[in-house]
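Here's a quick tour for anyone meeting this structure for the first time. Have a look at the model, then read on.

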Amino acid sequence: MRDKIQQAAQALAPRLVAWRRDFHRYPEAGWTEFRTAALVAATLQRLGYTVKLGPAAVAAADMMGVPAPQELAAHMDRAVRQGADPALVARMQGGLTGLVADLPCGDGPTVALRFDLDANDIDEAEDDKHRPARYGFASQNAGAMHACGHDGHIAMGLGVAEILAGLRPGLAGTLRLIFQPGEEGSRGARAMVGASAVDGVDHILGGHIGFQATRTGQLICATGKFLATTKYDVRYSGVPAHAGAAPEEGKNALLAAAAAALNLHAIARHGQGATRITVGTLTAGQGRNIIPATARYKMETRGETSELDEYMAAEARRIIAAAAQMYGVACEITQVGGTKSGESSPAMRDLVKSAAAAIGFFSQIDDYASFGATEDYSHFMSVVQQRGGSGTYFMLGSDLAAGHHSNYFDFDEAVLAPGVELMATCAARLLKRK
Ligand SMILES: [Zn+2]
């Protein structure tokens with residue numbers, strides 16, 4: 001089976017690059033991945049997968065940080081203009097752009113592979129020193145760019161799907177491919193878990209191009225110390241009044257927000273591990289001589305464990321409300337993102353390690369890296385582990401033109417085929433017919 005997978009992955013290499021460049025040309029940010037999800041769904045249906053889309057894949061009530069309805073509608077139109085099947089796009093109404101595709105192969109374990117669909121909110125570099133611009137596959141969508149390599153992840157997902165569909169008679173169990181929207185901002189995983197995306201999953205595998213694996217040929221088999229996070233938008237509403245004649249009639253939302261910002265940063269740190277808190281934006285008021293009646297801020301907490309993050313988030317909610325009470329203003333807290341912490345399972349790390357050793361492409365195989373940041377995948381993985389399953393997250397090394405989320409970000413496309421081979425090999429071993 002290994003030779004078959006290797007040959008198939010090598011044969012796929014030019015198509016992986018073509019797919020990647022197509023997705024790169026038409027990047028879509030969280031909950032607007034209509035074109036991307038429609039193309040993935042159409043391809044997987046052709047390969048014989050059972051594809052769940054829209055409400056069957058994303059629980060609308062658990063979505064966070066969703067753009068306004070008119071913005072979503074404009075993106076649906078754009079996706080169709082850019083080649084998406086209108087019938088598939090219509091099924092994703094409301095920004096339900098995730099999909100779950102199953103390949104049932106009889107009795108056996110359920111093995112999930114997860115890929116992220118979304119791009120970043122950044123304008124792509126347009127000068128010739130940037131390869132996508134030089135080769136004509138730079139972003140056609142203003143304000144959006146695949147600056148994190150998710151275009152490569154989606155291409156790998158299609159490659160793995162094709163190879164494993166071809167091996168179906170030799171597999172036992174169920175292969176599940178999860179394509180998630182809204183990884184950026186930690187917005188998508190919770191809503192897919194809410195729609196049963198990982199129900200019955202015994203093993204889950206995901207990965208990322210780059211990060212701590214900084215050069216082509218390097219592979220990190222497991223990642224841990226994913227930070228859990230909670231992201232809030234907060235709005236205070238007070239009462240405007242003349243700042244000279246009748247300030248006592250006003251209720252000052254700006255002061256409430258300022259007091260909250262200072263005191264949020266003063267939350268006592270927990271003795272059991274690392275936490276973070278940031279108020280990243282704050283806007284308030286309308287005029288120099290008017291008691292400010294509105295204030296908004298965007299903030300987030302993080303924690304080394306989900307419990308530590310919940311401690312920070314609970315303290316934050318208390319302070320947000322207390323500041324509102326102190327200044328007599330109303331407050332509204334909206335959760336716009338959030339994900340659990342995570343730690344890879346040793347058994348899955350060992351599986352990736354032995355599969356990688358057999359591939360030959362990898363010249364440096366490391367066991368483990370501590371992430372120290374947040375990745376929405378950890379939400380899927382921790383739910384699978386809580387229910388008795390296992391998972392890991394690998395880092396596929398690549399020479400990078402610039403850091404992640406830079407407008408000059410680009411990776412080495414030579415890593416796509418080995419990445420496909422690695423994931424297909426791991427899944428095939430877990431699903432091997434006895
Ligand atoms: Zn990413």
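Helices α2 and α6 run roughly parallel to each other, a label used for angles under 35 degrees. This is a predicted model, where local features need pLDDT of at least 70, side-chain atom pairs count only at pLDDT 80 or more, and totals for chains, interfaces and linings use all residues. Residues are numbered from 1 along each chain as its sequence is written.

**The helix pair**
- α2 (residues 34-46) and α6 (residues 150-166) pack at an angle of about 10 degrees, with axes 10 Å apart; the axes are lines fitted to C-alpha atoms over the stretch in contact, and angles run from 0 to 180 degrees between N-to-C directions.
- Thr-36, Val-40, Thr-43 and Leu-44 of α2 meet Ile-154, Leu-158 and Ala-161 of α6, where contact puts C-beta atoms, placed from the backbone, within 7 Å.
- By class, that contact has five nonpolar, two polar and no charged residues.

**The two domains**
- The domain assignment gives domain 1 (2-224 + 343-430) and domain 2 (228-339).
- Their C-alpha centres lie 35 Å apart, and the contact takes 11 residues from domain 1 and eight from domain 2.

**Around Arg-91**
- You'll find Arg-91 in the loop between α4 (86-90) and β2 (99-105).
- Arg-91 is partly exposed because 19 other C-beta atoms lie within 10 Å (20 or more would be buried, 12 or fewer exposed).
- Leaving out residues up to four places away in sequence, Arg-91 touches Leu-53 and Gly-54.
- The C-alpha atoms of Arg-91 and Leu-53 are separated by 7.0 Å, with the two residues 38 apart along the chain.

Notes. Domain bounds come from an automatic or database domain assignment. Two residues are in contact if their C-beta atoms, placed from the backbone, lie within 7 Å. Helices (H or I, at least four residues) and strands (E, at least two) are DSSP runs, numbered from the N terminus. Angles under 35 degrees count as roughly parallel, over 145 as roughly antiparallel, 65 to 115 as roughly perpendicular and the rest as oblique. Ala, Val, Leu, Ile, Met, Phe, Trp, Tyr, Cys and Pro count as nonpolar, Asp, Glu, Lys and Arg as charged, and the others, Gly among them, as polar.
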